[in-house]
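Hi everyone, thanks for coming. I'd like to walk you through one structure today, so please have a look at the screen.

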Amino acid sequence: MFKLNLKIALRNLFKNKVYAAINIGGLAIGLTAFVLLLLFVNHESSYDKWSPELKNVYQVREYHDFFTPDNKAYWQQRSESRIATVLKEKIPQFKYVTKASEGWGDGYSVKIDRNNPVIVKDIVDADSLFFKVFPYEFIDGDELTAINAPNTIVLKQSVAIQLFGTDKVIGRQLKLVRWRSDEGNLMTVTGVVKDPSTAESLAFNAITHTGERDTDPDQISNSNYTGIYVRAEKFLDTNVLNKSLLNVYVDYKKALLKARGTTYNEFYKEKNRKAGLKILPISEVYSTPSFSENWLAKIKPIIALSIFLLIISVINFVNLATAQSVQRAKEVGVKKVLGAYKKQLVLQFLMEAAIQTLTALFITIILVELLLPAFSNHFNVQLSFWHSDQLLSIISQLFGLFILITLLAGFYPAMVLAKYNPVKVLKGNYESGFGGIALRNGLVVLQFIIAVTFIIGIGVMYKQNHYMASKDLGFDRDKLINISTNYETGDSFVESIKRIPSVKYVATTTQVMGNTFNTSRELTFNNQKFDVNAVTVTMDALPALGVKVVTGRIFAKEYAQDTINSVVLNQSAANLLGKNLVGKTFTSGPKNDVFQVVGVIKDYNNESFEKAVLPTIYKVTHLGGSSNTNNLLVRFDNDHYQSAIKTIEAEWKKVYPDFPMIYTSVEDAFLKELKPSLRLMQIVVLFSIISVVLSLLGLFALSTFMAKRRTKEIAIRKILGASDLQIINMLNKSFMILVVSANLISWPIAFILTKKWLEGFAYRIDMPFWPFAIATLTSVIIAVFTVSLQARKAAVNNPVDALKYE
């Protein structure tokens, strides 16, 4: 029976080659998008799964506002270093506690012998207990003693090969230079660890032990923030333990604040602070970032798009299978007369669905292999199908997908076909046998709802991206580069580049797109307290940025007061404080230093468009504190500045031979901020095109079968005098009702979805109307064209051919 059903299934597929190809091709495209997404989700959910021992490793998180993007408090991955000592003493459940810094800035300069220095990112400095907490596999060296001594380093295997050409490097030395003027530390390689099979939240290329993580600051007023990780003897109930941790933390903070001359209540009452300390399983660290959405929230639109494509593919399958009921009715009638049971017929039609789904899966795997490099590059991850460590899991997921698609796409058509009444069908009375017309119409509507929503989404995204790309940022990003280094008065390098003819300004500020950090400052104005962002700049910083003055002036060398207590406000700060602020004063800092406002500038965007510009004060003086910076702005006076950059690099190499110069143009930094939105739009455009094509293929096939089903009706109408145009209009009318209905339904759906997406931007467009109008017009024109092609074929046929056997 199986062999017979297989033969019949294959014969039917070859008999309807065009429609089988549409079905299989549509499924393959939908499945390809879904499988690519599956690979990405598997990768993102595989973080910190490279060792079973990690189940007992936890990250400590403290709730504080130090070094945050908007000066607000968050659960941060960096905690005050003294907490590690407290945990060792007070929490017996923790077997080991280790401290590990984040990767240093742009990376370390690594110099080996007399070779040119190279930048290596993600070099993490840790205390001697790091490898007792994290169970890395050593391929050379002793994990128990590898970083016991100061100035030792353990390399990842891939990095050892990259630097030395081999992983047999125990005893070799390299020089680590942290910044341009650092004399550097000579480090001895004491171990090489295997690269984990899956991704890590604490990603590193090397672990150093300088000794800095072994001690806490000597001065009670100083703080040092670092990553803290713990390893327990057994699995912990974090809900219970976190309550104990909070109690321990509160006691610690009370003692610390008392030693600093304040009280716990005073400190936490200020700015409505709250105390917080907790642990998080290491497996949850990557999916719970401190300042941004997690990976799942970021790809929700992509997940929705992939599922929608799969739904459209399944809809095509169901529509085509049920539409073919005219051709399969007599087959079912004869089989039933010969004694076939409904169950046998259902299995036969499910087998046909399974063959098509399996074929689509094979095509999908080929497409995935072809598209995977581009997809990986788009999301900046390294994905693999056949060489994945999760291949078994992926295959089992695909098998489950195969079963699901077969049942979703095949079960309903199988039930429709199997329930035909053989007596009525063999008499030629098909109509009572044809169920599911309403369902097919509903599925066509659903297809077009998805397709039209996609098209509207493209329009809205295009408008928002165009708005961001052309928005006045409040400064001039052209002919401006940012060198990753500090600015120091009298620095020989700075003085040398000032003398280069095409260099107009050399300056520094913390507020540069691509490398911004914010420092909170409280000020008192008109007896009211305000929280603002404070930025210390050099005299030429605001002219170098090309900011726009709203009122007053910016800093200038002619005004001696500017180096004492003058400040410039941005518009957000001016709106916060009031009107006519130029010439007025406010106080700030523990000594109530007095500052005078000399000007107000237009807000300028130095971060992504998701964030609003903070109320900010700019000052040249270090009075009341300063902001450290790793930005050296260089403004050129003409567009041909590449030769000037080469001259700057040559000057850098003379002064800092052990550290390569790192720089970026502010224009490139701006384009980098736009990348996430552009990537999403590219995916939406691609998926929209595919969804429209799939919807039209389904509409094409369905209109063909509809025309075939109404062949006799068309013939009779022609004999009674109907013109070809009337026949075409008649067939178009039924489909136009469906397409217009789909548009009316998709409008509110698209409006809600795109409005929600736009709300993620602090600076955004108003909801435009034209994407909705264009989507409707496009869908109607394409649908009319597609259906008309088939309708014309039916209309021009000779009616005698359709009626000669009646």
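Let's start with Leu 633, which is buried, with a relative accessible area of 0%. Please keep in mind that we are looking at a predicted model. Where does Leu 633 sit? You'll find Leu 633 in strand β26, which covers residues 632–636.

Which residues does Leu 633 touch, if we leave aside its neighbours within four places in sequence? There are contacts with Leu 480, Ile 481 and Asn 482, then with Tyr 505, Val 506, Ala 507, Thr 509 and Val 512, and also with Leu 545.

Strand β26 belongs to an open sheet of four strands, in the order β16-β26-β15-β27, and the pairing is antiparallel. At the edges we have β16 (503–507) and β27 (663–665), each of which pairs on one side only. On average, neighbouring strands here are turned by 20° against each other, ignoring direction.

As a reminder, strands of a sheet pair through backbone hydrogen bonds, either parallel or antiparallel. How many bridges join β16 to β26? There are four, and the two strands run antiparallel. To pick out a bridge by name, Val 506 has Val 634 in β26 as its partner.

Helix α18, residues 642–655, lies across β15 (480–483), β26 and β27, and runs at about 145° to β26.

Let's move on to the aromatic rings. The model has 29 aromatic pairs. One of them is Tyr 264 with Tyr 268, a tilted pair at 4.7 Å centre to centre with 45° between the planes. These two tyrosines are four residues apart in helix α7 (residues 264–269), so about one helical turn separates Tyr 264 from Tyr 268. Are they buried or exposed? Both Tyr 264 and Tyr 268 are buried.

Compare Phe 586 and Phe 595, a stacked pair with 5.7 Å between centres and 25° between planes. Phe 586 and Phe 595 are buried too.

Rings can also link up into a cluster: here, ring pairs connect Trp 50, Phe 130, Phe 131, Phe 134, Tyr 136, Phe 138, Phe 204 and Tyr 229. Over the ring of Phe 204 sits the charged end of Lys 156, 4.2 Å from the ring centre. Elsewhere, Lys 278 lies over the face of Trp 75, at 4.5 Å from the ring centre.

Note on methods: Residues are numbered from 1 along each chain as its sequence is written. This is a predicted model: local features need pLDDT of at least 70, side-chain atom pairs count only at pLDDT 80 or more; totals for chains, interfaces and linings use all residues. Side-chain values use heavy atoms; hydrogens and water are left out. Rings of Phe, Tyr and Trp (its six-membered ring) pair if their centres lie within 6.5 Å; planes under 30 degrees apart count as stacked, over 60 as edge-to-face and the rest as tilted. Buried means under 20% relative accessible area, exposed over 50%, partly exposed in between (1.4 Å probe, protein chains only). A charge sits over a ring if NZ of Lys or CZ of Arg is within 6 Å of the ring centre and within 35 degrees of the ring normal. Contact means heavy atoms within 4.5 Å. Two strands pair if DSSP finds at least two bridges between them. Axes are lines fitted to C-alpha atoms, for helices over the stretch in contact, and angles run from 0 to 180 degrees between N-to-C directions.
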